[in-house]
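Could you walk me through this structure in the viewer, one selection at a time? I would like to know what to pick next and what I will find there.

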Amino acid sequence: MNFASRPLFSLHGLDFRYPDQTEALQNIEATVHSGDCVALVGQNGSGKTTLAKHFNGLLHPTSGSILYKGQSLSGKYLQQARLEIGFLFQDPDDQLFGHTVLEDAAFGPRNQGLTRAEAESAARQTLEIVRLEHLAYKSPHNLSFGQKKRAALAGLLAMQPQVLILDEPTANLDSFQEAVFLKLLHDFSGTLICISHNLIFLYECCSRALALEHGRLRHDVSFSNLVTDRRRMRAYGLDFSFRFQPEAPRPERDLAATGNHSGALSSGPFPKPQSCLIELTDYSFHYADGSQAIRKVNLKMEEGERLALIGENGAGKSTLLSVLLGLKRGSGEYRFDNRAVTARNSRKLWRQVGIVFQDSADQLFSASVREEIAFGLRRLGLSRQLRDERMERVLDQVGLQGFEERVPVHLSGGERKRLALACVLAMQPRLLILDEPTAGLDPEGEEQILAILRDLRGSLILATHDLFFVRELTERTLVMHQGGILKDLSSRDFLQDKGLGSLNGLAYSYRLQAGEAIQALQQAHEHALPHLHLHDHQHWHGDVQHSHPHLHEHIHGFIHSHHQDQEEHGHPPRRVQEHVHRKHELEDHVHGHGPEEQK
Amino acid sequence: MPDAVSSSLPLWQILLLIVFLLLALAAASQALRCLFRGQSSEEDRDWSVPPLEASKGRSFFHSWDVRCKIIALVGFSFLVVSLDHLSLAFGALTVSMVALIAARIPFSRALMRLTAVAAFVALLLVIMPVTVPVHPGDRLVVLTEKQWLVFNLRGLDLALTIGAKAMAVALLMEPLLGTAPLPITLHGLSRLGVPKLFGQMVLLSHRYLYVFQEEAGRMATGMRVRGFQRSSGLSNLRVFGSFLGMLFIRSFERTERVFSAMQARGYHGAFPEPETKTLSCIDVLLAVLWLLAGTCLVLADRLMQ
């Protein structure tokens with residue numbers, strides 16, 4: 001048979017319903033050819049993972065069909081096909097069921113019919129590729145998260161698959177591990193189908209995009225076309241251009257203006273620094289197995305300060321956060337609000353310090369949103385009236401009004417994250433800790449979280465790998481490495497220091513480069529089509545002549561120049577919402593634009 | 001008639017003695033745990049070398065055929081459990097300790113295992129002497145003037161016998177389970193006729209126990225940071241129920257995902273079999289000797305009656 005002319009996968013009218021009759025996929029028509037690098041994109045809950053599971057027969061269509069090399073994926077053919085199609089699950093613990101890393105990596109090759117020696121040899125080779133050969137006989141549960149991800153990929157690569165399907169391969173990985181993953185995928189010569197909200201990563205490894213919305217395939221375009229078309233991206237909740245915007249001006253801290261003397265988190269102006277909120281002196285912590293998680297950490301944080309905690313996976317960030325929450329006690333001195341934290345009073349720190357975990361599922365366990373928010377408020381001993389008031393306020397704050405009776409476990413990823421945040425905000429802690437607030441969120445969810453966090457005033461610690469959030473939300477950055485604080489500097493200085501990444505093994509450069517490339521594509525695209533533009537030039541409203549930035553639609557097939565001394569204009573894309581004079585278009589006015597008017 | 005020995009110890013002193021004894025045992029157990037907690041020989045291991053190769057020539061237990069090892073040590077354990085006399089129970093304990101030394105198991109690991117049964121043994125030592133029924137010929141120590149608290153030496157003898165047997169069996173588990181990787185031991189079991197599915201279930205349970213433990217730990221932390229404190233109130237029971245329910249849902253979803261991941265890599269009912277060595281005459285001979293030693297202990301025990 002000649003497979004070269006035939007698509008590798010053909011999907012015809014594919015529908016899928018879950019047993020509870022939830023319609024997950026509708027009328028999917030697509031083909032994937034050998035060697036394609038396809039990105040499956042869409043919002044949380046759009047059906048990406050459900051579709052991906054059809055590619056290796058983990059789910060079967062309710063109606064319609066999926067053909068692999070011209071044959072339906074069922075029976076013995078399915079068994080055979082699965083040995084050619086590798087599927088990387090989002091959580092590596094789902095995939096690493098072997099007793100040792102080597103045993104796990106050899107599992108697939110053994111099922112392909114290789115002898116033990118051959119399978120182990122194949123497994124060893126791939127472990128070498130993912131740089132885990134020195135841990136071949138270690139149990140998977142003793143690996144770090146990044147190592148687990150790479151071990152799971154090794155298990156697939158050992159099968160020498162023709163197709164690799166990856167579900168959120170970079171979720172929760174630091175930038176170094178992400179770059180390692182990218183290198184591995186660049187070296188893969190087969191067909192790649194990748195699901196991710198990390199569009200910069202997808203831009204680097206995929207050439208084609210299948211955009212899903214509510215279970216329907218809306219677009220099948222080249223990836224560069226998708227990222228350049230912001231209007232389309234926004235429609236699918238994928239527009240991540242907010243990350244390219246220039247830094248927004250920060251409100252000044254001013255406690256007197258708010259009258260907020262308690263230091264509790266709230267919306268409004270920043271409280272003025274008044275006292276030292278946190279002070280750690282020579283603080284160290286050892287785990288039970290003797291390994292040192294944090295070593296001789298010295299840290300001072302003022303009330304109202306917003307601080308970022310950066311570091312590779314395993315640098316000690318989470319342990320430090322546990323110490324600050326009073327969950328772990330090591331050696332050294334910890335003072336909160338100028339009082340020493342002892343074994344006794346550390347149990348009451350929860351009243352002052354709130355945390356939103358990386359995985360919101362870890363802190364949502366109640367039967368309804370109302371119960372979930374009320375949980376902490378009850379522990380604070382608040383009256384029912386006060387509880388209801390606070391609940392109403394935080395639900396409004398995070399955009400979950402009307403969700404009171406919904407079951408948390410049935411909410412989407414973005415909604416759950418906002419609910420977790422609401423639960424903590426309702427308790428009005430003096431210090432809010434956010435552990436990877438964007439983990440697993442689609443760009444729209446990220447933007448929503450960012451908008452909420454931008455409005456918060458109060459002390460904040462943000463542990464993240466996301467430099468954009470560091471820039472937007474914090475003033476000071478601590479770089480952690482091997483349990484210690486390597487650098488303590490302003491976030492502005494941190495972000496401008498290009499060489500800093502190499503200090504703690506992090507590699508941010510590829511993200512920055514890819515971001516710049518996408519931004520350039522978007523600008524070129526916008527200037528070739530009718531587009532909204534922000535201009536600042538003289539214009540008239542009747543007899544009144546004035547100047548202010550305003551938007552209007554235009555098209556030009558030439559390189560636009562705003563200033564005499566610049567041949568090209570280089571402002572980042574702006575939004576319609578940035579129009580400072582909203583009714584401008586409706587008013588009777590005359591204006592023109594062009595380089596000559598700028599003179 | 002039982003032999004009675006009177007003592008004029010007042011009740012408060014006896015209670016104090018018991019409390020002191022229990023506290024001393026608890027402190028000793030805790031001290032041992034703390035002492036050996038940081039000593040992890042596993043961390044120093046070279047993980048690029050297979051466990052069997054890493055332990056090659058370490059002891060005959062490491063190279064012993066796993067089927068013979070299971071039959072010999074499990075059989076010996078059953079024989080030890082049937083012993084009635086203290087002296088022979090201590091004899092069995094000695095054999096276990098010799099096996100432990102021969103298997104070159106780290107002393108700290110053996111002690112950690114012993115501390116796990118120490119509480120059970122301590123409870124027996126405290127309760128049995130004062131609760132066993134008095135038989136003719138029993139030696140009794142009357143601790144109070146009004147003779148309501150009687151310390152029966154036969155009870156102490158029984159408690160010590162049970163304790164010694166429990167410790168002998170617990171110690172034998174180290175040479176049995178600690179000298180071969182778990183998949184090989186389970187494969188040995190399946191070759192002895194235990195259903196393969198049982199081995200797969202144990203293996204997966206062993207792997208995912210840690211994952212579920214971590215998940216439960218993170219959820220418990222999530223509750224603690226919002227003010228949850230353990231108590232027996234009705235509202236807490238409700239919260240605890242929600243916690244267990246959510247843990248169950250998450251575990252159930254995880255098992256579905258794990259099964260999907262197994263299917264995606266070609267699983268259709270059986271795990272690939274691990275490497276096994278061929279059975280030799282020495283393996284069989286060693287197993288027979290072990291069982292003979294156990295049988296001798298039982299025979300001696302019966303003859304002493």
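Start by selecting helix H15 of chain A, residues 413-425: in this predicted model, H15 lies across strands S17 and S18 of chain A. Its direction makes about 175 degrees with that of S17(A).

S17 and S18 belong to an open sheet of six strands in chain A, ordered S17-S18-S20-S14-S21-S22, and the pairing is mixed. Colour S17 (353-356) and S22 (484-490) of chain A: these are the edge strands, and because each has a single partner strand, one side of each has no neighbour in the sheet. From one strand to the next, the twist averages 20 degrees.

Next, zoom in on S14 (306-311) and S20 (459-463) of chain A. They pair in the parallel sense, over four bridges.

Finally, move to chain B and select helices H4 (66-81) and H8 (182-191). Their axes are 8 Å apart and cross at about 80 degrees, so H4(B) is roughly perpendicular to H8(B). Show the side chains at the contact: H4(B) brings B:Val66, B:Arg67 and B:Ile70, while H8(B) brings B:Ile184, B:Thr185, B:Gly188, B:Leu189 and B:Arg191. Coloured by type, the residues of this contact come out as four nonpolar, two polar and two charged.

Technical notes:
Residues numbered from 1 in each chain as written. Chains lettered and ligands numbered in written order. Predicted model: local features only at pLDDT ≥ 70, side-chain atom pairs only at ≥ 80, totals over all residues. Pairing = 2+ DSSP bridges. Helix = DSSP H or I, 4+ residues; strand = E, 2+ residues; numbered from the N terminus. Axes fitted to C-alpha atoms, helices over the stretch in contact; angles between N-to-C directions. Contact = placed C-beta atoms within 7 Å. Parallel < 35°, antiparallel > 145°, perpendicular 65-115°, else oblique. Nonpolar A, V, L, I, M, F, W, Y, C, P; charged D, E, K, R; others polar.
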